[in-house]
Amino acid sequence: MKTKAPKRPSPWLAGALSLLLPGLGQIYARQRYRGGAVLIAFLVVLGMVAWYGQPAWYFAPLGIWLWNVWDAVGQAGERRVSVLIPLLLGLTAAYSIGWQMVRVDFTSANWERGLAVLRPMFRPDLFERRTELNRMWTPISVPCSTTQEAPPARRQDGEKLAFATPDCAGVLETVIVSVSGMWPDTDTEIWWETNIGDDKPLGGNENAPLIVRTDETGSLTTTIRVPSTILIAQPDPTLQLTHRIYFDQRRPIGGLQFSTNGGFVVKGMTESVTMALMATFLAVLLAIPISFLAARNLMSANPFTFAIYVVVRTVLNFVRSIESLILAIVFVIIVGLGPFAGVLALAVHSVAALAKLYSEVIEGIDPGPIEAVRATGANWVQVVRYGVIPQIVPPFTAFTIYRWDINVRSSTVIGMVGGGGIGFYLIQWIALNDMRAVGAAFIAIAIVVMTLDYVSARIRERLV
Amino acid sequence: MLRIENLTKIYPNGTRALHDVSFEVQDGEFLVVIGLSGSGKSTLLRCINRLIEPTSGKIFWDDIDITAASPAELRHIRRHIGMVFQQFNLVKRSSVMTNVLSGRLGYANPWLSLLGIWPAADKEMALKALERVGIADKAQSRADALSGGQQQRVGIARALMQDPKIILADEPVASLDPVLSHSILQYLEQLNKDGLTVICSLHFLDLVHRYATRVIALKDGVKVFEGLPKEIDRAKFKEIYGEEAQEVRAASFEAEA
């Protein structure tokens, strides 16, 4: 092969060598790095395809091989050859294998499920219209006793009168219920309250509210079935127990109020922001002294302090690499469910993050002003007060606000492992498939995080 | 009178910045120190107020031995030695006023100064000092909002707050446009005419000719020249700065001439 060492490498020989082994021709054409890169790229793509085991994908390494021959010829002829083709081949192979490996699935079933989940989220359960309640109820005995006469299933309350016929009924038996003196032409929800205070819907298959509209005189009459799930007394199943049938009317009185879930959203969000605040505060207290130990310029004076510096830095890096979410799981085990576990998790992670940022501020301090203040005859404390503190306080504050910002974000998630805050509610709503409440939580998180993001950016702008 | 005797400074890494330098400065002189970068000018100036501890040698101010002063005495001595720096050395994020007031720290009540409380007299003095350098209107601006020339004037105002007898100026105009150099040096010249001793390191020969009453030159930490500015001609200049040196004349000097 090195018979005569021609001045210019032969394109034919380069091509032949590359056909034998990718990259060899390029090396022969005195492009050692290119040759090495071609060989590595070929082997990587080949290995990738071989490991995945789909024969069809061998087109990619094959394509690179063919291109490599062309490239070797080009290199020998000192012609520029674009690397676009092997790049595209490699990326196509990588993405295609990746597509199958992660089982990408855009079929219609997923779209439909997506819509079913997303649609309620566009009607977030945050506010409801303020309403007033017009309620009436009547007692009813279940079941009918053989020995004892049932008291009348009838109740009068001022204008309002409600009654059921018959006065007693067994499970799944039909009862006629009537009410009068209510608001006219108003939807009325009829529901059952058992003797122990359980609410039972009466509509649908005992799983939906039963709603009947009153007539123009404010009366309604309808039939209901005694719910199948009510408890019968033991050991005497014939013992008469008094249940209630409720008639509820609601009408708007203007204005909005937080819905039940909306109230939880506000409570959870307040808790999250407070958790972040407390965690950041705790972290600052610890991070300030630690940051001085982690500042290279202060600690490299002698081997002992430098050893402390190395240890502190290593510990900080170690702690910082553990997500606060995982720390929260550990703290939940230690201090129990609730926001305190979340605060501890956020604080530990923040100490490590802040101490590193602070120490970098200390490392980047300008010695000029310190020298100038010393030159005026100031004592040591005055030098720190006028030469050092003005330099570090603004960036310290900026980093602290930034960290608080991050902590608010994290605290919304940390509840999901039991660390308190909005995430604690969120994970339950997701489990209950209450997507309207989830939508409300998303809105609250977005508003708070965006606001803090903006405010902290503006404050940092002024400080730095 | 300031008397420097056999001053030597060797840094811990072995660099010999000054070697056996001796000279005297009479009260009211405008002494200019010249020499290449790294020739020991900055070290020399900082040894005078002991921002850098000399390795050996003595510095006498009248009859006080600065090199033997205790920390408390040293702070008292420093109060009367104002210093102006090449990089201005202002606290960039603090206001101009705070920067100027910090020049008064040697006199201030230590406790009140830590709280950032200053007597009205000091504040008035600071405003006067700023007026003197023509930037009283910038008192409340952040120091880094000012231009280079203005920052150096803040540096001079800070030095004035010390009621100094001596001003040490370490290349006060090297970071400035040549046009601004004269305006800054004219303030120093005015102070010198008011009776202050000025020791100033400079790079430009034309500035040396214009402002100095006496010149010393350093080369590799050794004093190679001491005399009047007019004694420095081109030959002498080449001797101090080396054969390849070309004299760069400040643009403003051309403009004025």
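The axes of helix H4 (residues 59–76) of chain A and helix H5 (residues 84–101) of chain A come within 9 Å of each other and cross at roughly 170 degrees. An angle over 145 degrees counts as roughly antiparallel. H4(A) and H5(A) are therefore roughly antiparallel to each other. The structure is a predicted model. On the H4(A) side, the residues that meet H5(A) are Phe59(A), Ala60(A), Gly63(A), Ile64(A), Trp67(A) and Trp70(A). Their partners in H5(A) are Ile85(A), Pro86(A), Leu89(A), Thr92(A) and Ala93(A). The contact of H4(A) with H5(A) is made up of 9 nonpolar and 2 polar residues. No charged residue takes part in the contact of H4(A) with H5(A).

The backbone was examined next. Most residues other than glycine have a negative phi, and most peptide bonds are trans. In chain A, a cis peptide bond links Val142(A) to Pro143(A), with omega at about -15 degrees. Pro143(A) sits in the loop between strand E1 (127–142) and strand E2 (154–157) of chain A. Another cis bond runs from Thr165(A) to Pro166(A), where omega is near -5 degrees. Pro166(A) belongs to the loop between strand E3 (160–165) and strand E4 (174–180) of chain A. In chain B, Asp20(B) is not a glycine, yet its phi is positive, about 55 degrees. Asp20(B) is found in strand E2 (residues 16–25) of chain B.

Charged pairs were then considered. Side chains of opposite charge can pair when their charged atoms come close. Over all chains, the whole structure holds 23 salt bridges. One salt bridge joins the side chains of Asp248(A) and Arg135(A), at 2.8 Å from N to O. Asp248(A) lies in strand E9 (residues 241–258) of chain A and Arg135(A) in strand E1 of chain A, so this pair ties together parts that are 113 residues apart in sequence.

The last topic is the interface of the two chains. The size of an interface is often given as the accessible area lost when the parts come together. Chain A and chain B bury about 2,200 Å² between them. Carbon and sulfur atoms account for 55% of that area. The contact draws 23 residues from chain A and 31 residues from chain B. There are 2 salt bridges between chain A and chain B. In one of them, Asp366(A) pairs with Lys92(B), and the closest N and O atoms are 3.5 Å apart. Polar contacts across the interface of chain A and chain B number 10 residue pairs. On the side of chain A that touches chain B, helix H12 (367–375), helix H13 (380–414) and helix H15 (435–463) of chain A each supply at least two residues. H13(A) gives the most to this side, with 8 residues. The residues of chain A that touch chain B comprise 12 nonpolar, 6 polar and 5 charged.

Terms used
Residues numbered from 1 in each chain as written. Chains lettered and ligands numbered in written order. Predicted model: local features only at pLDDT ≥ 70, side-chain atom pairs only at ≥ 80, totals over all residues. Heavy atoms only, no water. Contact = heavy atoms within 4.5 Å. Buried area = accessible area lost by both parts, 1.4 Å probe. Salt bridge = Lys/Arg side-chain N within 4 Å of Asp/Glu carboxyl O. Polar contact = N/O pair within 3.5 Å; in protein donor to acceptor, adjacent residues only side chain to side chain. Helix = DSSP H or I, 4+ residues; strand = E, 2+ residues; numbered from the N terminus. Nonpolar A, V, L, I, M, F, W, Y, C, P; charged D, E, K, R; others polar. Axes fitted to C-alpha atoms, helices over the stretch in contact; angles between N-to-C directions. Parallel < 35°, antiparallel > 145°, perpendicular 65-115°, else oblique.
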